[in-house]
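The sequence and structure come first.

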Amino acid sequence: MLRVATYNVRGLKDDRRALARVIRALRPDVLCLQEVPRLPVRRHGRPVFSRAVPVSLTALARAAGLSVAAGGRLNGTAVLISPAVRLLRGEGRRLRWFTGLERRAVAVAVVEKGRDRYAVCSAHLDLLAGARLSHAAEIVPILEGAAREFGAAPVLAGDLNEPPGAPVWRLLGARYADCFAAAPDAGGSRTADGAAEGGGCGEGGSTFPARDPRVRIDAIFAGPGLTVLSCGGADVTPGDLTAASDHRPVVAEIASGRHMGRR
């Protein structure tokens, strides 16, 4: 079983101690990040350095007990991994640039856990609908090419910048399983009668904005041959979730179908 999470961290502009606590609570084997700063955090035009607070991708990874497997220098996406998985390949790939829009890239890490291999891609799609759909179509062969090369199952995670039912979701849903739709678990703490008390995702798996999530724009998709065991949010205090970023994270547990009988 692989535990995959995705999180838009808003350039590490918020409470980075809270962010590290949220990531540790996710307990990911693989963590896909978006809006990762390519350089150390700056304040008043100068780089910030601190032993106590994570101020770069590498420092954040270290604070969460993870390491950087892919990306981080190409336009804001990265994949981090835990010591529980073995990295086979990590790379960043630029996507087609649309004049006047932000440059986009994906980070892809091929990892091995036990006898199973997974190609995991972190993506952050554009605010413009046409660019979103074009980039989604471009990402699929990048991810599936890496998966074929290593005999791995594809997993795509990230900030889609549009709600379920929109064109990108339909494109990806035709090839992969939307993990939350397959095995929803909103996460977070519960009262004695089962009502949501805080943390996790909002209603219907909503992830944005973090303070009062109303729309699900962050997602994890599992490729053919994978079984989704659960998908939801982080079981942490609402205070940390709202302090850490303007998005809420999503975490899914997925397993290779051939090993389901061995659980």
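## Helix 1

In helix 1 (residues 16-26), the buried residues are R16, A18, L19, A20, V22, I23 and L26. Buried means under 20% relative accessible area, exposed over 50%, and partly exposed in between, with a 1.4 Å probe and protein chains only. Helices (H or I, at least four residues) and strands (E, at least two) are DSSP runs, numbered from the N terminus. An α-helix has 3.6 residues a turn, so residues three or four places apart point the same way.

The N-terminal end of helix 1 is capped by D15, with a side-chain oxygen 3.1 Å from the backbone nitrogen of R17. After the helix comes R27, which has a positive phi, near 50°.

## Basis of the model

The model is predicted: local features need pLDDT of at least 70 and side-chain atom pairs count only at pLDDT 80 or more, while totals for chains, interfaces and linings use all residues. Residues are numbered from 1 along each chain as its sequence is written, and side-chain values use heavy atoms, with hydrogens and water left out.

## The chain as a whole

The chain has six helices and 16 strands. Of its 263 residues, 55% are buried. Among contacts (heavy atoms within 4.5 Å) with a separation of 6 or more, 71% are between residues 24 or more positions apart.

The accessible surface comes to about 11,700 Å², and carbon and sulfur atoms account for 50% of it. Accessible areas come from the Shrake-Rupley method with a 1.4 Å probe; for residues, only the protein chains shown count as cover.

An open sheet is formed by six strands in the order 5-6-2-1-16-15, with mixed pairing. Its edge strands are strand 5 (67-71) and strand 15 (226-232), each of which pairs on one side only. Two strands pair if DSSP finds at least two bridges between them. Neighbouring strands of this sheet are turned by 25° against each other on average, direction ignored. Helix 1 packs on the sheet and touches strand 1 (2-8), strand 2 (30-34) and strand 16 (250-256); the helix direction makes about 155° with that of strand 1. Axes are lines fitted to C-alpha atoms, for helices over the stretch in contact, and angles run from 0 to 180 degrees between N-to-C directions.

Strand 5 and strand 6 (residues 77-81) run antiparallel and are joined by four bridges. G71 has A78 in strand 6 as its bridge partner, and V68 stands opposite L80 in strand 6. The hairpin of these two strands has five residues between them, and there G72 takes a positive phi near 100°.

## Cysteines

The whole structure contains zero disulfides, a disulfide being a pair of cysteine sulfur atoms within 2.5 Å. For C32, the closest cysteine sulfur is that of C121 at 7.3 Å, too far for a bond. C231 is in no disulfide either, and the nearest cysteine sulfur, in C179, is 5.2 Å away.

C32 is buried at a relative accessible area of 0%. C231 also counts as buried, at 1% relative accessibility.

## E112 and its partners

E112 is in strand 8 (residues 105-113) and counts as buried because its relative accessibility is 17%. Leaving out residues up to four places away in sequence, E112 touches V85, R86, L88 and R117.

The side chain of E112 makes a polar contact of 2.7 Å with that of R86 and a polar contact of 3.0 Å with that of R117. A polar contact is a pair of N or O atoms within 3.5 Å; within protein, one must be able to donate a hydrogen and the other to accept it, and residues adjacent in sequence count only if both atoms are side-chain atoms.
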